[in-house]
Amino acid sequence: MKIVGEIFLIIGSLFLFLSALGLLRMPDVYNRMQAGTKGTTFGAFFSILGVMAMRPEWFLKGLSIIIFILLTNPLSSHALLRATHRLGVPLAKKAIDAYAEDKEKGIVEK
Amino acid sequence: MRLLLSTLVLFLLWMMFVASLDPQEIVTGLFVAFFTSLITGSVIAGKEPLKWLSPKRWFYFFLFALYFIKELTLANLDVAYRVIHPRLPINPGIVRVKTKLKTPIAKLVLANSITMTPGTITVDVHGDTLYIHWIDVKGKDVETATKNIVEGFEKYLEVIFE
């Protein structure tokens, strides 16, 4: 079980590293958020799975932590992105920005 | 009914935290769960507590969980690929999608699920319209975006929450 746990920890830290790299490489806040949200979720999951494999008595605690991360992580990234857009930060390169269009038309309050 | 249900949910949560069958822990847990339920029971159980007992909803919740784990894995591999790729293959934009879901809790779970899946983050929810930041825009019109982003989740969530 110790080896399985260590493999999970390595996978977890790899995903955390990739998401940090994403934060540096992506061009604007919105795309950085993509790397930040997804990479960290998976990284955290695998780190916790690793701990759970090494210490089976912490299984249920690890499970509840995973559930709370699943519930809260998307909420915080959504709130940050919404606030960013409302402050008027533009998209670096964009195919379309429907949210800004609807704000101009007054469908969504500014 | 509502009180009983939320006491049960909170008690199970308590047992997950303490992870022991010591009688002291169980008695404390029951007390705490009961008194918390007196205050917040209607929030936890919702307006129609009988929904919790339907096996069909639970079965679809299980299917949804499997589908969600698959999408979550794909999301991570996809974003990891884009980050490592030397040319950074992204084509970002914010698109509009429509949802058929009515209840607030269903919309919340939908928005959260979208945030966790490949290249999409919910920026705002306004009535039945969701604004999604999409890292690789495949279609700018509402129909294409809805088909790509929302429909996979919607068919499960409709059964679970509506």
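Me: In which helix is the place of B:T28?

Reply: This is a predicted model, in which local features need pLDDT of at least 70, side-chain atom pairs count only at pLDDT 80 or more, and totals for chains, interfaces and linings use all residues; side-chain values use heavy atoms, with hydrogens and water left out. Residues are numbered from 1 along each chain as its sequence is written, while chains are lettered from A and ligands numbered from 1 in the order in which they are written. Helices are DSSP runs of H or I with at least four residues, and strands are runs of E with at least two, numbered from the N terminus. In chain B, residues 23–45 hold B:T28 and form helix α2.

Me: Is B:T28 buried, partly exposed or exposed?

Reply: A residue is buried under 20% relative accessible area, exposed over 50% and partly exposed in between (1.4 Å probe, protein chains only). B:T28 has a relative accessible area of 38%, so it counts as partly exposed.

Me: How far apart are the C-alpha atoms of B:T28 and B:W14?

Reply: Along the chain, B:T28 and B:W14 are 14 residues apart.

Me: Which residues does A:A53 contact, leaving aside its neighbours within four places in sequence?

Reply: A:A53 lies in helix α2 of chain A and is buried, because its relative accessible area is 7%. A:F8 is 45 residues away from A:A53 in sequence, but 8.5 Å away in space, C-alpha to C-alpha. Contact means heavy atoms within 4.5 Å. Beyond the sequence neighbours, the residues in contact with A:A53 are A:M1, A:V4 and A:G5.

Me: How many helices and strands does chain A have?

Reply: From the N terminus on, the elements of chain A run α-α-α-α. The chain has 110 residues, of which 40% count as buried. Its count is four helices and zero strands.

Me: How are α2(A) and α3(A) oriented to each other?

Reply: Axes are lines fitted to C-alpha atoms, for helices over the stretch in contact, and angles run from 0 to 180 degrees between N-to-C directions. Angles under 35 degrees count as roughly parallel, over 145 as roughly antiparallel, 65 to 115 as roughly perpendicular and the rest as oblique. The axes of α2(A) and α3(A) are 10 Å apart, and the helices pack at an angle of about 175°. The orientation of α2(A) to α3(A) is therefore roughly antiparallel.

Me: In which hand does α2(A) pass α3(B)?

Reply: Helix α2 (residues 29–54) of chain A and helix α3 (residues 55–84) of chain B pack at about 125°, with axes 9 Å apart; the two are therefore oblique. A crossing is left-handed if the near helix is turned anticlockwise from the far one by less than a right angle, and right-handed if clockwise. The crossing of α2(A) with α3(B) is left-handed.

Me: How do the residues of the contact of α2(A) with α3(B) divide?

Reply: From α2(A), the residues A:Q34, A:A35, A:K38, A:G39, A:F42 and A:F45 take part, and they meet B:L72, B:T73, B:A75, B:N76, B:V79 and B:V83 of α3(B). Ala, Val, Leu, Ile, Met, Phe, Trp, Tyr, Cys and Pro count as nonpolar, Asp, Glu, Lys and Arg as charged, and the others, Gly among them, as polar. The division for α2(A) with α3(B) is seven nonpolar, four polar and one charged.

Me: Which strands are the edge strands of the sheet in chain B?

Reply: Two strands pair if DSSP finds at least two bridges between them. In chain B, three strands form an open, antiparallel sheet in the order β1-β3-β2. Each edge strand pairs on one side only, and these strands are β1 and β2 (120–126).

Me: Which residue of β3(B) is the bridge partner of B:V95?

Reply: Strand β1 (residues 93–98) of chain B is largely enclosed by the rest of the structure, because five of its six residues are buried. Over six bridges, β1(B) pairs in the antiparallel sense with strand β3 (residues 129–134) of chain B. Within β3(B), the partner of B:V95 is B:I132.

Me: Which elements do the buried residues of α6(B) pack against?

Reply: Helix α6 of chain B covers residues 151–161, and its buried residues include B:F153, B:Y156 and B:L157. The elements of chain B against which the buried residues of α6(B) pack are α3, β1, α4 and α5 (142–149).
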